[in-house]
Amino acid sequence: MKQLKLLYAGKAKSVYRTENPGELVIKFRDDITAFDGQKKDTLAEKGHLNAGVSAFFFGLLEKNGINTHLIRKIDDTTMLAHHLAMIPLEVIVRNIAAGSMVKNYPVEKGTPLNPPVIVIDFKDDTRHDPMLNDDLIYALKLASPEELHELKRIALEVNTVLREYLAGRGIDLVDFKLEFGKKDGVIYVGDEISMDSMRLWDKKTGESLDKDVYRTGQGDVITQYHHVASRIMAEE
Ligand code: C5P
């Protein structure tokens, strides 16, 4: 497998073509950003920590019958993935109120959400990822009613798998964001599932174990990512 031309560089990952048009190489860089890229840094080891946790979670989802783009890990910071036609939606599942939900609506941080709340944003940095609803998604032709139903079903299934797994590690899955893509008519979970795209709270102490450490500037984010990665990936 040869890594060829850069196809796309995002805020924290770079995507390369391979000699097989159906496969891509995804490189997790050491870059970290917050607030629409207004705050940014490069932090040694971040790429391999997020690549490791993402590959681990994709493997866990596959074991539970959920399609993900992961084919295999290539090295510490790189994975080989199916080349998907990405759907420009950010599908967020919330189990506990936090972040923008608390900022935008009258709900207290830490309020349990039963059933979980699904929020879907339009993935477009230039527009600051505005929130969508079903009608807007159809009007903008971002997904058909059947596809949207499927995206929500998969998102809730991912939530069940991750939430249960993390609970076993003493961690509350507060919320997370998924991105999806299609290949040959099949929907796959794409992008990443890492400390950058989830909120994780220690069940005992309530301490943040995710990118909020960076957003708030409280504590050393890499120390925390190391800690949570080893907690997530440690053998039982
Ligand atoms: O900011 P907000 O509270 O809406 O984020 C909800 C969840 O989605 C958080 O876990 C956050 O890290 C994730 N998210 C993300 N990428 C975005 C927006 C949110 O990973 N562009």
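So, a salt bridge here is a side-chain nitrogen of Lys or Arg within 4 Å of a carboxyl oxygen of Asp or Glu.

Quick caveats. This is a predicted model, where local features need pLDDT of at least 70, side-chain atom pairs count only at pLDDT 80 or more, and totals for chains, interfaces and linings use all residues. Residues are numbered from 1 along each chain as its sequence is written, and side-chain values use heavy atoms, with hydrogens and water left out.

Okay, the domains. The assignment, automatic or from a database, gives domain 1 (3-82) and domain 2 (86-220). Their centres, taken over C-alpha atoms, sit 18 Å apart.

How many residues of domain 1 are in contact with domain 2? It's 28, and they meet 26 residues of domain 2, with contact meaning heavy atoms within 4.5 Å. The buried area, that is, the accessible area (1.4 Å probe) the two parts lose on being put together, summed over both, is about 2,500 Å². Carbon and sulfur atoms give 61% of that.

Back to salt bridges: the rule finds 4 across this interface. On the domain 1 side, the elements giving two or more residues are strand S4 (31-34), strand S5 (39-42) and helix H1 (46-63). Those are DSSP runs numbered from the N terminus: helices are H or I with at least four residues, strands are E with at least two. H1 gives the most, with 10 residues.

Separately, there's a salt bridge between the side chains of Glu-192 and Lys-13, at 2.6 Å, N to O.
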